[in-house]
Amino acid sequence: MRYVLCLLACLLLLCTADALFENTSPQMYIDRYNSNIDQAPQMLGELLGSERVEINILLNNGTLYMFGLETFKGRIVASYPGGIEDPTITIETSESTIQRVASSSDPVAAFKDARDRGEVKIEATRLTTRLKLALVLASADVFKYFLGVFFA
């Protein structure tokens, strides 16, 4: 579950929503994620679960880009262009925030700063998910891992 959150956060903050799948399909990112899940930091292995994640990005042109992911035992098992029903986690941000973080010399710090300012919102609907999410979002190692997996 947290693995997916971090994946999505990195994907969202390192690519614009329009360009995210410009030269590749969402399935390429999903396959790369699933093939590297066993190399995740130990902390993630202890917190993985089954979640329904919704990603909402307000694009610069005013439209809303929505995408959903479903996980089981930490692996992405389904994707939903247009969003997902009854998400357990919701990630919201804007294209301009993504662009600013992506162009930063320190994307991890820029992401955390944007999150602290409310420009990136990651919310969980269940108490246990909220607690686990807080632990993962506090870990720089988690973000560095995803940067390496997806953008090395």
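These are my notebook entries on a predicted model of a protein chain.

**Ground rules.** I number residues from 1 along each chain as its sequence is written, and I work with side-chain values that use heavy atoms, leaving out hydrogens and water.

**Overall layout.** I counted eight helices and five strands in the protein chain, taking helices (H or I, at least four residues) and strands (E, at least two) as DSSP runs numbered from the N terminus. Along the sequence I read the pattern α-α-α-α-β-β-β-β-α-α-β-α-α. Of the 152 residues, 47% are buried, where buried means under 20% relative accessible area, exposed over 50% and partly exposed in between (1.4 Å probe, protein chains only). I then looked at contacts (heavy atoms within 4.5 Å) between residues at least 6 apart in sequence, and found that 70% of them join residues at least 24 apart.

**Nonpolar cores.** I looked up the nonpolar cores, meaning sets of buried Ala, Val, Leu, Ile, Met, Phe, Trp, Tyr and Cys residues joined through side-chain atoms within 4.5 Å. The largest has 12 residues, among them Val 53, Ile 89, Phe 111, Ile 122 and Leu 137. At least two residues of this core come from each of β4 (89-94), α6 (107-116), β5 (121-124) and α7 (127-137), and the largest share, three residues, is that of α6. Apart from this core I noted another, of 10 residues, including Tyr 33, Ile 57, Phe 67 and Ile 98.

**Helix α6.** Which residues of α6 are buried? I found Pro 107, Val 108, Ala 110, Phe 111 and Ala 114. They lie on the same side of α6, because they cover an arc of only 165 degrees around the axis, the arc being that of the directions from the helix axis to the C-beta atoms. Just after α6, I noted that Gly 118 takes a positive phi of about 85 degrees.

**Two single residues.** Lys 73, in the loop between β2 (64-72) and β3 (75-81), counts as exposed at 63% relative accessibility. I also noted that Lys 73 and Ser 50, 23 residues apart in sequence, are 5.6 Å apart in space, C-alpha to C-alpha.

Conventions:
Predicted model: local features only at pLDDT ≥ 70, side-chain atom pairs only at ≥ 80, totals over all residues.
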